[in-house]
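Biologist: I would like to learn how to read a structure. Could you walk me through one?

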Amino acid sequence: MPSRRVQLLNFYDALMTALGPSHWWPGETPFEVTVGAILTQNTNWTNVERAIVNLKAAGLMDPAALYAVPEAHLAELIRPAGYYRLKAARLRNFLRFLRRECGFDFSALAERETSDLREALLAVKGVGQETADSILLYALNKPVFVVDAYTRRLCNRHGLVAEEADYREVQELFMDCLEEDVNLFNEYHALIVRTAKEWCRKTRPRCSECPLEPFL
DNA sequence: GACCAGGCACATC
DNA sequence: GATGTGCATGGT
């Protein structure tokens, strides 16, 4: 029985061989990445893209500019992403946080120590663990592993964690077993999500062809 | 027409 | 502490 570290490294190699590098997160700036992280909560990325296009077309992919927009207008712009009233409030919660903590300056935010910053992000209403970690890793380049529903299923199916393991437990599995490497964490999470989309959806090749079978 | 998608907060027991 | 529910759009 290979160690959990070896299993995780084998998964990674299999995914990288099958799919190649991901170049994540799609987004031109840390702010855009963060907006995407909030908008994609329980939502298909293609719907998020429509909302991002609307924001850019309105010249609002900028924290100070976006904060100046009335919440109802913001909600209409992000409507294609679903849960639009809820997400408009969540985006504004984050913008208020950003103004208070660093005057809308992401590079100042990135100076802060990771676990302290994580706590601060989690205190924003509408930012849970996955969203906070996505912001830390993909917008701020902090070495934090992002866990999602796919990651949990993968670990369950392969007996790496118990069925009832919570977010932190799955996260610690990866972070304890792997070296602390922003690039590795970035690529690993991206590959898991891409595998779920490209192998495990019914219109794609069957699940038996998935490089991680059994995955979903 | 049902089911799903890169969650989260809150109510209720 | 566990479990259930609302939030909403667009693709398959």
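Modeller: Start with the secondary structure: chain A has twelve helices and zero strands. Helices (H or I, at least four residues) and strands (E, at least two) are DSSP runs, numbered from the N terminus. This is a predicted model: local features need pLDDT of at least 70, side-chain atom pairs count only at pLDDT 80 or more, and totals for chains, interfaces and linings use all residues. Residues are numbered from 1 along each chain as its sequence is written, while chains are lettered from A and ligands numbered from 1 in the order in which they are written.

Biologist: Which residues are closest to DNA strand B?

Modeller: A residue is near a strand if its C-beta atom, placed from the backbone, lies within 6 Å of it. Here 23 residues surround DNA strand B, and the closest are Q41, N42, G128, E130 and T131. Helix 9 (129–139) and helix 12 (182–199) are the elements that give two or more residues to this surface. Helix 9 gives the most, with four residues.
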